[in-house]
Amino acid sequence: MTPETEYQDGLETLAAHYTEVLRLLGEDPEREGLIKTPMRVAKAMQVLTRGYSQDPHKVLTDALFEEPYNQMVIVKDIDFFSMCEHHMLPFYGKAHVAYIPAGRITGLSKIARVVDIYSHRLQVQERMTQQIKDCIEQTLHPMGVMVVVEARHMCMQMRGVEKQNSITTTSAFSGAFNQAKTREEFMNLLRE
């Protein structure tokens, strides 16, 4: 799906539901400023959840190359936006991904695309971190994978505890990254 051009089936039904949501909130969906809102929100939600219709494994295999490189590959500071599945409010931040190839590499932009696909679903940060790691591990079969995600959650900033400056950090790792020395090298490279 290309944002603003292609939408999935069910768009009209989704918009009708948002019309009813406006009514339930005490608004008049026929008010001038709200007439087009249900369709705008329906389109936005399809864009924000487009990851359900994309295959992250295919993204990695579309640019898979035999290469004898066996040192750490890091793609850091990958910006992402996602939607918390508990409150359907955004969380956003940066993902940092490292893998140690075992004879096969993928295009660097494909790592960022994997992050995009998993973040464009209703998510919790913990699961998203694990899914990114698992996808790279299962598709590339590297010597190890490590993913660190740092995010700000609007559900903590706008409601509930209302803590404006809190950042949540999650990590998932496997293989060579089970060794503290390898994890430490990755974390030191992130700080540079």
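Student: How many disulfides does the structure hold?

Tutor: This is a predicted model, in which local features need pLDDT of at least 70, side-chain atom pairs count only at pLDDT 80 or more, and totals for chains, interfaces and linings use all residues. Residues are numbered from 1 along each chain as its sequence is written, and side-chain values use heavy atoms, with hydrogens and water left out. A disulfide is a pair of cysteine sulfur atoms within 2.5 Å. The number of disulfides in the structure is zero.

Student: Is Cys84 buried or exposed?

Tutor: Buried means under 20% relative accessible area, exposed over 50%, and partly exposed in between, with a 1.4 Å probe and protein chains only. Cys84 has a relative accessible area of 5%, so Cys84 is buried.

Student: At what angle do helix H1 and helix H2 pack?

Tutor: Helices (H or I, at least four residues) are DSSP runs, numbered from the N terminus. Axes are lines fitted to C-alpha atoms over the stretch in contact, and angles run from 0 to 180 degrees between N-to-C directions. The axes of H1 (residues 11-24) and H2 (residues 37-48) lie 8 Å apart, and the angle is about 125°.

Student: Which term describes H1 relative to H2?

Tutor: Angles under 35 degrees count as roughly parallel, over 145 as roughly antiparallel, 65 to 115 as roughly perpendicular and the rest as oblique. The angle of about 125° therefore makes H1 oblique to H2.

Methods
Helix = DSSP H or I, 4+ residues; strand = E, 2+ residues; numbered from the N terminus.
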